Amino acid sequence: MLEVNDLQKNYKNFNLNCSLKVKAGHITGLIGKNGAGKSTTFKAILDLINIDGGAITLFEQEGKHLDPKQKQQLGVVLADSGFSGYLCVKDVMAVLEKAYANFDKQQFIGYCQDFELPLNKKIKDFSTGMKVKLKVIVALTHQARLLILDEPTAGLDVIARDEILDLLRGFMEQDEERAILISSHIASDLENLCDDLYMIDEGKIIFHEDTDVLLSDYALLKVNDIQYDMIDKKYILKHKKETYGYACLTKEKQFYIENYHDIVAEKANIDTVIMMMVKGE
């Protein structure tokens, strides 16, 4: 569906060099702190910025060569884009009817009713959550095959974030040939949504794993100095000095549980992995 190979974009104080893949039927997450390179990656995929190297393949052809019909198969939400505040939702709907051959007006209206978005109210008078919901609804209602969503839950409260994630799950359930690439710095949002996760830091992919594997096989080992010296370190991905000794990230939790009965092995989550991959040695 989407393949990014050795993508390079160079700025004065930032260099992007990353690769990732999104398969049909999958929701793939791109996680990392603000400024890590998520938005730059998305803009490059969408051909909104010139790249300095690498290749981007969309729908099995070079991204730059998509024709207008193929581009309509993309549903996009960008963190720094939106509609003029002086438009109302009805105005947006009229634009979408002209722009997309497969725009589903009734579905659009239904979503607006579900999320209490008034059709005649100017967007400038919407709350942050309402504006985000409108952008996501637009991406969902023209029969896109691939959604590219940059921080679609940023700035939302817990309830609003959950509503957006439910929308995305429903989108995927309708057709197994669809896919989503979604970024967020709120890792917990993606833990129960994504099939696999890429982690980006300072413009580079530093981690990729299936979400199920991460949640089942990874662990944070907490050991004192003596235990750290004696344990087998071949399955330690990162370690970090702590007041009690060392925190160690492993993807072989069972190995350490079975062979070292006296050490603490805490189940890892996405936030744990991010912290250890970025700050560990």
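Q: In this predicted model, how many bridges join strand E11 (residues 219-223) to E13?
A: Let's begin with the strand pairing. E11 and E13 run antiparallel, and Lys 222 stands opposite Ala 247 in E13. The number of bridges joining E11 to E13 is 5.

Q: Is strand E13 (residues 245-250) largely enclosed by the rest of the structure or exposed, and why?
A: Buried here means a relative accessible area under 20%. In E13, 6 of the 6 residues are buried.

Q: How far apart are the closest N and O atoms of Glu 266 and Lys 222?
A: Lys 222 is in strand E11 and Glu 266 in strand E14 (residues 264-267), so to speak distant parts of the chain, 44 residues apart. Glu 266 counts as partly exposed at 33% relative accessibility, and Lys 222 is partly exposed too, with a relative accessible area of 29%. The two form a salt bridge, and their closest N and O atoms are apart by 3.2 Å.

Q: How many residues apart in sequence are the parts that Glu 209 and Lys 251 tie together?
A: The side chains of Glu 209 and Lys 251 meet in a salt bridge at 3.3 Å, N to O. Glu 209 lies in strand E10 (residues 204-210), while Lys 251 is in the loop between E13 and helix H10 (253-259). Glu 209 counts as buried at 10% relative accessibility, whereas Lys 251, at 32%, counts as partly exposed. In sequence, the parts tied together are apart by 42 residues.

Q: Are Glu 151 and Lys 38 buried or exposed?
A: This pair is one of the 9 salt bridges found in the whole structure, with 3.5 Å from N to O. Glu 151 is in the loop between strand E7 (146-150) and helix H6 (158-173), and Lys 38 is in helix H1 (residues 38-45), 113 residues apart. As for accessibility, both Glu 151 and Lys 38 are buried.

Q: Which element gives the most to the lining of the largest pocket?
A: The largest pocket has a volume of about 510 Å³ and is lined by 26 residues, with Leu 74, Gly 75, Val 76, Val 77 and Tyr 100 nearest its centre. Two or more lining residues come from each of strand E6 (74-77), helix H3 (89-99) and helix H5 (128-140). By class, the lining has 16 nonpolar, 6 polar and 4 charged residues. With 4 residues, the element that gives the most is E6.

Q: Where does the largest share of the lining of the second largest pocket come from?
A: About 200 Å³ of space lies in this pocket. Of its 15 lining residues, Ala 79, Ser 81, Lys 131, Val 132 and Lys 135 are the closest to the centre. The lining divides into 9 nonpolar, 2 polar and 4 charged residues. The largest share, 4 residues, comes from H5.

Q: How many disulfides does the count come to?
A: A disulfide needs two cysteine sulfur atoms within 2.5 Å. The sulfur of Cys 18 is 16 Å from the closest cysteine sulfur, in Cys 194, too far for a bond. For Cys 88 the closest cysteine sulfur is in Cys 112, and at 11 Å that is also too far. The count of disulfides comes to 0.

Methods. Residues are numbered from 1 along each chain as its sequence is written. This is a predicted model: local features need pLDDT of at least 70, side-chain atom pairs count only at pLDDT 80 or more; totals for chains, interfaces and linings use all residues. Side-chain values use heavy atoms; hydrogens and water are left out. Buried means under 20% relative accessible area, exposed over 50%, partly exposed in between (1.4 Å probe, protein chains only). Two strands pair if DSSP finds at least two bridges between them. On a 1 Å grid over the protein atoms alone, a cavity is a set of points where a 1.4 Å probe fits but cannot get out, and a pocket is an open set with protein on both sides within 12 Å along at least five of seven lines; lining residues have an atom within 4 Å of a point. Grid points are joined across faces, edges and corners, and a volume is the space filled by probe spheres set on the points. Ala, Val, Leu, Ile, Met, Phe, Trp, Tyr, Cys and Pro count as nonpolar, Asp, Glu, Lys and Arg as charged, and the others, Gly among them, as polar. A salt bridge is a side-chain nitrogen of Lys or Arg within 4 Å of a carboxyl oxygen of Asp or Glu.
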